[in-house]
Amino acid sequence: MGGLVPYWLTGGWESADSPLVLKLVGAALLAAGLGFLAHTVIRFVVEGLGTPSPVAPTEKLVVGGVYRYLRNPMYVAVIAVILGQAAILGRPVLLVYAAIFWLVVASFVRFYEEPTLSRRYGEQYAAYRRAVRGWWPRLTPWDGDHGSTRTDAASLSTAGAAK
């Protein structure tokens with residue numbers, strides 16, 4: 001999705017000769033996207049004991065690494081790769097493709113992935129979903145407190161009242 005389709009849409013990586021600054025931003029997006037994509041696939045194998053594919057799902061819920069900041073880093077990484085290519089090549093068609101890709105993926109997440117993960121992992125996924133946003137990263141990593149749904153302030157006041 002982040003390689004063959006952009007190749008096809010641009011007629012084989014034909015460039016519109018974008019400005020150098022745009023090419024540099026694009027290269028940074030492309031590199032970051034590829035790095036995060038590799039990280040997410042490795043997390044699925046090592047932490048989840050499975051693959052990103054629905055036909056060979058993970059045995060464990062993947063919540064480590066970049067997943068402590070964002071629930072959908074794999075999809076965001078692919079979008080970054082597409083946007084990076086758009087900037088490098090100066091091809092607006094890839095911006096349109098990135099938007100369409102996000103709409104399709106967001107629909108897949110909402111109507112298939114989230115219900116499937118909710119059934120499979122129950123409260124563990126529910127707590128993770130409450131704590132970690134899907135499309136915009138947290139500033140601090142989620143601590144992995146699977147049972148807590150309260151804020152730190154609420155937890156402290158409850159802990160103080162229990163003493």
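A patch, as used here, is made of residues with over 30% relative accessible area and no salt bridge, and nonpolar side chains are joined into one when they lie within 5 Å. Keep in mind that you are looking at a predicted model. With that in hand, find V21, L22, V25 and L29, which together make a nonpolar surface patch of about 310 Å². One of these, L22, sits in helix α2, which covers residues 20-46. L22 has a relative accessibility of 36%, so it counts as partly exposed.

Now for the charges. Side chains of opposite charge can pair when their charged atoms come close. The structure holds five salt bridges, and among them is the one between E47 and R43, with N and O 2.6 Å apart. R43 is partly exposed, at 25% relative accessibility.

E114 is buried because its relative accessibility is 7%, under the 20% cut-off, whereas R129 is partly exposed at 33%.

Another salt bridge joins R130 to E123, at 2.6 Å from N to O. Both ends are partly exposed: R130 has a relative accessible area of 47%, and E123 has 44%.

Finally, look at Q124, placed in helix α4 (residues 92-131). Q124 is partly exposed at 27%. Its C-alpha lies 8.1 Å from that of L61, although 63 residues separate Q124 and L61 in sequence.

Definitions and conventions. Residues are numbered from 1 along each chain as its sequence is written. This is a predicted model: local features need pLDDT of at least 70, side-chain atom pairs count only at pLDDT 80 or more; totals for chains, interfaces and linings use all residues. Side-chain values use heavy atoms; hydrogens and water are left out. Helices (H or I, at least four residues) and strands (E, at least two) are DSSP runs, numbered from the N terminus. Buried means under 20% relative accessible area, exposed over 50%, partly exposed in between (1.4 Å probe, protein chains only). Patches are made of residues with over 30% relative accessible area and no salt bridge: like charges are joined within 9 Å, nonpolar side chains (Val, Leu, Ile, Met, Phe, Trp, Tyr) within 5 Å. Accessible areas come from the Shrake-Rupley method with a 1.4 Å probe; for residues, only the protein chains shown count as cover. A salt bridge is a side-chain nitrogen of Lys or Arg within 4 Å of a carboxyl oxygen of Asp or Glu.
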